[in-house]
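Student: Could we go through the packing in this model together, setting each label against the rule behind it?

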Amino acid sequence: MKNYIWAIPKTDQKTIYLTFDDGPIPEITEWVLNELREFNAKATFFCIGNNIEKHPDVFEAIVSAGHQVGNHTFQHVKGWKENLSVYKENVLATEKLLEVKLGYSPKIMRPPYGKIKCSQSKYLRKLGYKIVMWDVLSADFDTNTSAKECFSNVLKNVEDGSIVVFHDSVKAAENMKYALPKVLAHFSKEGFVFKKLNI
């Protein structure tokens, strides 16, 4: 657990680090980008390589807007169910794709589902990756969580330096579209800024 990043140390400016998993997805990711722009907010998008390949224009929109991107494997593999070689292939395929798109590969990674074996973690850290988890889970992906509960999950748990997880995915879209604007509006009024991860 100590090898993972769960939150960011506080600074003299109250800061929230919004993160979005599983994109880029047409329309949904673009909707997120528009909402972030309204509040001059920056965020970090942990992208699935297969989605980058399928939706290059949406990926380019994320980068052009000045947000950070990170590795979320190529096929959204669950680390606990995969052996090391499969996991390596998935991470490296996305890394190579990011290198082509950006000219470099950001060394930040979020394991899908937050599930990762010690061997996989050790391998990633040896490659120089920072493994980013979270301290606030919106649960927007959970069909048993209402949109209001999703907003409440963030509202009740955010602190200065929190890393918050949303999903720019089809499954999470309804909850996320309800909660995200409210989170941006509420915490902006409270004097928070929204920044991308710079680690």
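**Core packing and ring pairs**

Tutor: In this predicted model, the largest nonpolar core has 35 residues, and the members that touch the most others are L18, F20, L36, F45 and F166. At least two residues of this core come from each of β2 (15-21), α1 (28-38), β3 (44-47), α3 (56-64), α4 (84-102), α6 (147-157), β8 (163-167) and α7 (173-189). With seven residues, α7 gives the most to the core.

Student: What is L18 in contact with, leaving aside its neighbours within four places in sequence?

Tutor: Contact requires heavy atoms within 4.5 Å, and with those neighbours set aside L18 is in contact with L36, A43, T44, V164, F166, L180, V183, L184, F194 and K195. Another core, of 21 residues, lies apart from the largest one, and Y123, V132, W134 and L197 are among its members.

Student: How do you know whether F20 and F45 are buried or exposed?

Tutor: Buried means under 20% relative accessible area. F20 has a value of 0%, so F20 is buried, and F45, also with 0%, therefore counts as buried.

Student: What makes F20 and F166 a stacked pair, and which parts of the chain does the pair tie together?

Tutor: The centres of F20 and F166 lie 5.9 Å apart and the angle between the planes is 20 degrees, and because the cut-offs are 6.5 Å for pairing and 30 degrees for stacking, the pair counts as stacked. Since F20 lies in strand β2 and F166 in strand β8, the pair ties together parts that are 146 residues apart in sequence. F166 has a relative accessible area of 0%, so F166 is buried. Ring pairs link F20, F45 and F166 into a cluster.

Student: How do you know that the charged end of K182 sits over the ring of Y178?

Tutor: The distance limit is 6 Å from the ring centre, with an angle to the ring normal within 35 degrees. The charged end of K182 is 4.2 Å from the centre of the Y178 ring and sits over that ring. K78 likewise lies over the face of Y113, at 4.6 Å from the ring centre.

Methods
Residues numbered from 1 in each chain as written. Predicted model: local features only at pLDDT ≥ 70, side-chain atom pairs only at ≥ 80, totals over all residues. Heavy atoms only, no water. Core = buried A, V, L, I, M, F, W, Y, C linked by side-chain atoms within 4.5 Å. Buried < 20%, exposed > 50% of the residue type's maximum accessible area, 1.4 Å probe, protein only. Helix = DSSP H or I, 4+ residues; strand = E, 2+ residues; numbered from the N terminus. Phe/Tyr/Trp six-rings, centres within 6.5 Å; stacked < 30°, edge-to-face > 60°.
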